[in-house]
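Welcome! Take a moment to look over the chain from end to end, and then let us walk through it together.

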Amino acid sequence: MGARPFRWLPLAGSRHAIRCELVAGDVDKTLCGVPLTVPRGCSSNVQWCWPTCAACDAAWRRFEGIPLFPRQEVEGGSARRKATQVAKSGSRP
Ligand SMILES: [Zn+2]
């Protein structure tokens with residue numbers, strides 16, 4: 001596993017991604033563009049239970065080339081539903 005360019009930081013009610021090299025006291029922005037000053041000390045357990053910021057998650061995935069919805073099927077889904085309906089009506093007496 002290589003070093004990741006970002007890390008998660010609890011901020012303002014959700015967990016945002018920030019650049020890894022930031023240290024306490026640095027002023028920067030989260031991946032979704034929220035200005036922040038990196039806090040000193042460890043985050044509390046409660047803060048780590050906050051929901052992940054969707055915008056930061058998407059930006060991180062885009063940076064690392066991870067698809068947002070790798071298992072999404074647009075065409076296949078509707079085709080399968082039609083096939084199921086045919087099978088159900090066909091099995092009726
Ligand atoms: Zn964010």
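A residue counts as buried if 20 or more other C-beta atoms lie within 10 Å of its own, as exposed if 12 or fewer do, and as partly exposed in between, with C-beta atoms placed from the backbone. What you see is a predicted model, in which local features need pLDDT of at least 70 and side-chain atom pairs count only at pLDDT 80 or more, while totals for chains, interfaces and linings use all residues. Residues are numbered from 1 along each chain as its sequence is written.

Let us begin with the overall layout. The chain has 3 helices and 4 strands, and their order from the N terminus is β-β-β-β-α-α-α. Helices (H or I, at least four residues) and strands (E, at least two) are DSSP runs, numbered from the N terminus. Of the 93 residues in the chain, 10% are buried. Contacts, here and below, join two residues whose C-beta atoms, placed from the backbone, lie within 7 Å. Among the contacts with a separation of 6 or more, 37% are between residues 24 or more positions apart.

Now turn to the strands E1 (6-11) and E2 (14-19). E1 and E2 pair in the antiparallel sense over 6 bridges; for two strands to pair, DSSP must find at least two bridges between them. Across this pairing, Trp8 stands opposite Ala17 in E2. The hairpin of E1 and E2 has 2 residues between the strands. Ala12 is exposed, with 10 other C-beta atoms within 10 Å.

Next comes helix H2 (54-64). Which residues of H2 are buried? They are Cys56, Asp57 and Trp60. These residues lie on the same side of H2 because they cover an arc of only 100° around the axis, the arc being that of the directions from the helix axis to the C-beta atoms. The buried residues of H2 pack against E1 and E2. On the other side of the helix, Ala54 and Arg62 are exposed. After H2 comes Gly65, with a positive phi near 75°.

Where do the nonpolar residues gather? In soluble globular proteins, nonpolar side chains tend to be buried together. Here the largest nonpolar core has 5 residues: Ala17, Ile18, Cys53, Cys56 and Trp60. E2 and H2 are the elements that give two or more residues to this core. A nonpolar core is a set of buried Ala, Val, Leu, Ile, Met, Phe, Trp, Tyr and Cys residues joined through C-beta atoms within 7 Å. Beyond its neighbours within four places in sequence, Ile18 is in contact with Phe6, Arg7, Leu9, Asp28, Thr30 and Leu36.

Finally, follow two cysteines. Cys53 lies in the loop between helix H1 (45-48) and H2 and is buried, with 24 other C-beta atoms within 10 Å. Cys32 sits in the loop between strand E3 (27-29) and strand E4 (35-37); Cys32 is partly exposed, with 16 other C-beta atoms within 10 Å. Although Cys53 and Cys32 are 21 residues apart in sequence, their C-alpha atoms are 8.2 Å apart in space. Leaving out residues up to four places away in sequence, Cys53 touches Ser14, Arg15, His16 and Cys32.
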